[in-house]
Amino acid sequence: VSSAQVTVNYKSSLQNDLSGLTRDKGLKLKLYAIYNDGNIDRAIELNISLQDCACCGANVASGVWKAFMCHNLGADETKDPFKPVKEIHGAMYQFGIGTEALSQADNLSNSGAVPGWNNPIPGNSEWNMVTQNPCLPGWRVPTLAEWQSVIDYNTIYYTADGGTSWSASAPTWSNGEEDNGIKFGDALVLPTAGVRNNGDGSLLSRGAQGYYWSSTNSGSSGRPLIFSSGFYSTTLLNPARSYGYSVRCVAE
């Protein structure tokens, strides 16, 4: 066995270059392991994909992975995205509007009516991902079909009290609890952040239900993913656009 000097030139901007890159958009690297089998030199090609270490997402078809952001928009991104504590509930958004209706801090501190709550929200079209996209570049609000695919192609688990113990047996969730959540597959956790009422912005169902906007509309209504303990659906509700729901961005 022989040894050789290897020179590695580290790219100082690599961390920034990889930020936000998902599994399907990672930087590609080819390495060649060269050895002698006793007669001739041989080479084995190794293909490497470099991506952001915060890798969250779910299947959207059989064997087809889609990256989602690890946190709800407006959440504390220093917190573990796989423990559904209240600090990752995030901000509340109204359908079709690219800015938050209520920050996470205000959402957690005030369960009552919100002065100046924007009601009603006019419109009869889908959420415009060009002019009103609340997500960062390269990300967008999922379609209703994508949320349905997440339900259809992933094993679903539940947890309570912000724990790390996940089970297919749904625990009992009650209004007012803060640290419950649902997990799709092994890498997408959605906390039960509840909903803000369309009339005055008051809080409903925190800890007991999760409401997540899609970009899909039904006339003047928005279309969400909704879940509670042992229940999940994309077909149950056609809510007014002025409700305040969570947003979890998906990769474009």
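Which residue forms a salt bridge with glutamate 178? In this predicted model, the partner is lysine 86, and the closest N and O atoms of the two side chains are 3.6 Å apart. The two residues come from distant parts of the chain, 92 residues apart: glutamate 178 sits in the loop between strand 6 (156-159) and strand 7 (181-184), while lysine 86 belongs to the loop between strand 4 and helix 2. Glutamate 178 is partly exposed, with a relative accessible area of 26%, and lysine 86 is likewise partly exposed, at 29%. Side chains of opposite charge can pair in this way when their charged atoms come close.

A search of the whole structure finds two salt bridges. The other one joins arginine 140 to glutamate 146, with 2.7 Å between the closest N and O atoms. Here the setting is a buried one, for arginine 140 and glutamate 146 are both classed as buried.

A disulfide is a covalent bond between the sulfur atoms of two cysteines, and the structure holds two of them. One links cysteine 56 with cysteine 70, whose sulfur atoms are 2.0 Å apart. The torsion about this S-S bond is about 100 degrees, and the disulfide of cysteine 56 and cysteine 70 is therefore right-handed. Cysteine 56 is found in the loop between strand 2 (41-50) and strand 3 (57-61), and cysteine 70 in the loop between strand 4 (64-67) and helix 2 (104-109), so the bond ties together parts that are 14 residues apart in sequence. Cysteine 56 has a relative accessible area of 5% and is buried; cysteine 70, at 11%, also counts as buried.

The other disulfide joins cysteine 135 to cysteine 249, with an S to S distance of 2.1 Å. Its torsion of -90 degrees about the S-S bond makes the link of cysteine 135 and cysteine 249 left-handed. Cysteine 135 lies in the loop between helix 2 and strand 5 (139-140), and cysteine 249 in the loop between strand 13 and strand 14 (250-251), so this pair ties together parts that are 114 residues apart in sequence. Both cysteine 135 and cysteine 249 are buried. With bonded cysteines counted along the chain, the disulfides follow the pattern 1-2, 3-4. Cysteine 55, by contrast, is in no disulfide, and the nearest cysteine sulfur, that of cysteine 56, is 6.8 Å away. Cysteine 55 is partly exposed, with a relative accessible area of 24%.

In soluble globular proteins, nonpolar side chains tend to be buried together.

Leu225 leads on to strand 12 (residues 221-228). Eight of the eight residues of strand 12 are buried, so this strand is largely enclosed by the rest of the structure. In a regular strand the side chains alternate between the two faces of the sheet. In strand 12, Ser221, Arg223, Leu225 and Phe227 point one way, whereas Gly222, Pro224, Ile226 and Ser228 point the other way.

Strand 12 also has neighbours on the chain with which it pairs. With strand 11 (residues 209-218) the pairing is antiparallel and runs over seven bridges, and the bridge partner of tryptophan 213 is proline 224. Two residues lie between strand 11 and strand 12 in their hairpin, where glycine 219 takes a positive phi near 60 degrees. With strand 13 (residues 231-233), strand 12 pairs in the antiparallel sense over three bridges; here serine 233 is the bridge partner of isoleucine 226. The hairpin of strand 12 and strand 13 also has two residues between the strands, and glycine 230 takes a positive phi near 85 degrees.

Finally, helix 2 contains asparagine 107. Asparagine 107 is buried, with a relative accessible area of 0%. The residues that asparagine 107 touches include Gly90, Met92, Leu102 and Leu203, as well as the arginines Arg196 and Arg206.

Key. Residues numbered from 1 in each chain as written. Predicted model: local features only at pLDDT ≥ 70, side-chain atom pairs only at ≥ 80, totals over all residues. Heavy atoms only, no water. Buried < 20%, exposed > 50% of the residue type's maximum accessible area, 1.4 Å probe, protein only. Helix = DSSP H or I, 4+ residues; strand = E, 2+ residues; numbered from the N terminus. Pairing = 2+ DSSP bridges. Disulfide = S-S within 2.5 Å. Contact = heavy atoms within 4.5 Å. Salt bridge = Lys/Arg side-chain N within 4 Å of Asp/Glu carboxyl O. Lists of a residue's contacts leave out its neighbours within four places in sequence.
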